[in-house]
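Q: I would like a close look at a single part of this model, taken slowly and with the residues named. Please keep to what can be read from the coordinates.

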Amino acid sequence: MSTVEAGSVSTNGANGADGANGTTRLGSGSKKQLILNAFAMNTPGHLSPGLWRHPRNKTYNYKKLDFWTDLAKLLDDAGFHALFLADVLGAYDVYKGPANAGPALESGAQFPVNDPLYLVPALAAVTKNLAFGITASTTYEQPYSLARRFSTVDHLSNGRVAWNIVTSYLDSAARNFGLSQQVEHDARYEIAEEYMEVLYKLWEGSWRGDAVVADMESGVYALGDRVRQINHQGKHFNIPGPHICEPSPQRTPFLFQAGTSKSGRAFGAKHAEVIFAGAQLPEKLKPSVAAIRQLAREAGRDPYHVKIIASMCVIVAETDEAAKKKQEEFLSYGNREGALALFGGWTGVDLSTYSEDEDFRFVKMPMINSIINGWADTVPGSENLKWNKARIAEYLLLGGMNAKIVGSASTVADELERWVEVADVDGFNLSHVVNPGSFEDIIEFLLPELRARGIFRAEPEREGHTAREQFFGTPWLLSDHPGSKFKWDVHDEVPRYLQTQ
């Protein structure tokens with residue numbers, strides 16, 4: 001595995017100001033202010049299987065609350081925008097399958113894994129500004145119960161929770177929820193579309209903004225004529241309501257999404273406020289970003305009201321040489337079997353059925369060819385290397401499929417600026433190799449360099465922002481978001497979506 005070579009980057013880009021949050025786009029006279037999220041998971045091994053046993057690492061304490069509160073305070077003090085927590089509902093059990101969870105379990109590769117949502121109130125209690133992105137599925141939980149869970153946590157975090165909307169992709173998850181196989185891909189997004197309509201009705205349109213009066217003299221807590229049933233009747237859901245929670249600080253939690261398929265992109269461009277996207281090079285991510293922004297425009301939204309965040313694994317140190325040495329030391333702790341288990345879960349391909357010498361650039365599987373050739377493009381001299389199972393595992397050991405930058409603060413910052421310039425992304429989802437360790441290195445070496453270049457905030461403007469305020473300057477859905485038409489404002493007789501019926 002090799003360091004990404006980064007050069008100097010100009011700041012000539014798309015013109016225009018992003019009035020929603022006061023930041024400016026490249027080319028408008030100042031540099032884009034980066035959004036930086038920390039990417040983690042409530043498990044021993046997230047994207048770097050085997051590294052849980054590294055001397056700096058303590059992810060084996062993932063089940064201890066102080067492990068998470070220490071991390072949240074570190075990120076909050078450093079100025080990170082959010083802690084984004086991934087989740088799965090089944091084991092990565094394709095490799096050496098069928099239904100064999102052994103390699104994932106033995107390496108701690110996203111198994112075992114605890115529910116991330118329950119962490120949020122405790123983490124919010126020890127932080128002031130950090131937002132919390134929580135992954136939850138539209139396929140395996142009823143919208144009424146999910147609405148309640150997120151409203152509760154939005155209240156307890158003072159509006160600092162975000163929901164990463166997923167439809168789930170593991171066969172093992174489908175089996176765990178009583179299905180013989182996954183719901184078909186496009187059908188999952190059809191369900192998700194109606195799911196969102198139900199949630200907007202519950203979060204935005206079930207309680208008028210002034211329904212809660214909490215009148216001590218009369219003894220009335222909430223006025224019944226300002227709380228209504230939603231009476232949703234659809235193809236997949238029949239839900240009378242009303243929402244069982246009063247409106248939370250954001251009403252609708254801040255919305256994340258990471259779908260990469262045609263259906264996933266269209267869904268994200270319509271509903272998401274932040275989309276996570278990945279590629280090994282910014283030149284390869286650029287068309288995806290442009291497509292998402294065009295889909296948002298077609299959905300009636302300002303395309304820059306969708307913030308696009310690139311996934312990235314950064315290994316940074318005092319010098320390029322020190323960072324490369326750190327990388328090699330990390331690799332010595334990696335677990336090959338865990339890496340191949342993750343690959344099987346992500347792709348559905350069991351590499352144990354192939355020989356050790358098979359070069360996967362040339363197998364008759366277009367999806368695998370595309371993935372492997374994408375990785376090879378980032379490795380100098382790759383045309384002379386055989387991309388067999390051992391090399392695939394090595395590539396995945398540190399940061400999984402994410403793009404990787406290894407080097408000094410200057411090298412890393414140059415490359416991040418290049419990604420912003422070339423791909424038109426708004427920031428980065430930074431994964432860890434070791435935790436503690438990776439985020440501390442980013443804070444010590446990289447953030448001062450980004451601040452010196454004027455591309456990362458010195459500190460939040462004020463304490464107490466909701467998640468959405470940090471990104472868009474308002475706690476509410478923006479007016480061009482499809483969920484905003486469901487809102488029941490203080491002076492409205494009925495919710496907005498009913499006013500035209």
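Within what distance do the axes of helix H13 (residues 409-423) and helix H14 (residues 438-452) come, and at roughly what angle do they cross?

A: In this predicted model, the axes of H13 and H14 come within 9 Å and cross at roughly 55°; since angles from 65 to 115 degrees count as roughly perpendicular and those under 35 as roughly parallel, the two helices are therefore oblique to each other. Their crossing is right-handed. On the H13 side the contact is formed by Ala 409, Ser 410, Val 412, Ala 413 and Leu 416, which meet Phe 445, Leu 446, Glu 449 and Leu 450 of H14. By class, this contact holds seven nonpolar residues, one polar and one charged.

H13 also packs against helix H8 (residues 282-298), with axes that come within 8 Å and cross at roughly 35°, and this crossing, too, is right-handed. Here Pro 282, Glu 283, Leu 285, Lys 286 and Val 289 of H8 touch Glu 415, Arg 418, Trp 419, Val 422 and Ala 423 of H13, a set that divides into six nonpolar, no polar and four charged residues.

Leu 450, one of the H14 residues that meet H13, is also among the residues with the most contacts inside the largest nonpolar core, which has 82 residues, the others named being Phe 80, Leu 83, Trp 163 and Phe 428. The largest share of that core, ten residues, is contributed by helix H6 (residues 185-205). A second, separate core of 60 residues includes Tyr 95, Ala 323, Ile 372 and Trp 387.

How values were computed: Residues numbered from 1 in each chain as written. Predicted model: local features only at pLDDT ≥ 70, side-chain atom pairs only at ≥ 80, totals over all residues. Heavy atoms only, no water. Core = buried A, V, L, I, M, F, W, Y, C linked by side-chain atoms within 4.5 Å. Buried < 20%, exposed > 50% of the residue type's maximum accessible area, 1.4 Å probe, protein only. Helix = DSSP H or I, 4+ residues; strand = E, 2+ residues; numbered from the N terminus. Axes fitted to C-alpha atoms, helices over the stretch in contact; angles between N-to-C directions. Parallel < 35°, antiparallel > 145°, perpendicular 65-115°, else oblique. Left-handed = near helix turned anticlockwise from the far one by under 90°. Contact = heavy atoms within 4.5 Å. Nonpolar A, V, L, I, M, F, W, Y, C, P; charged D, E, K, R; others polar.
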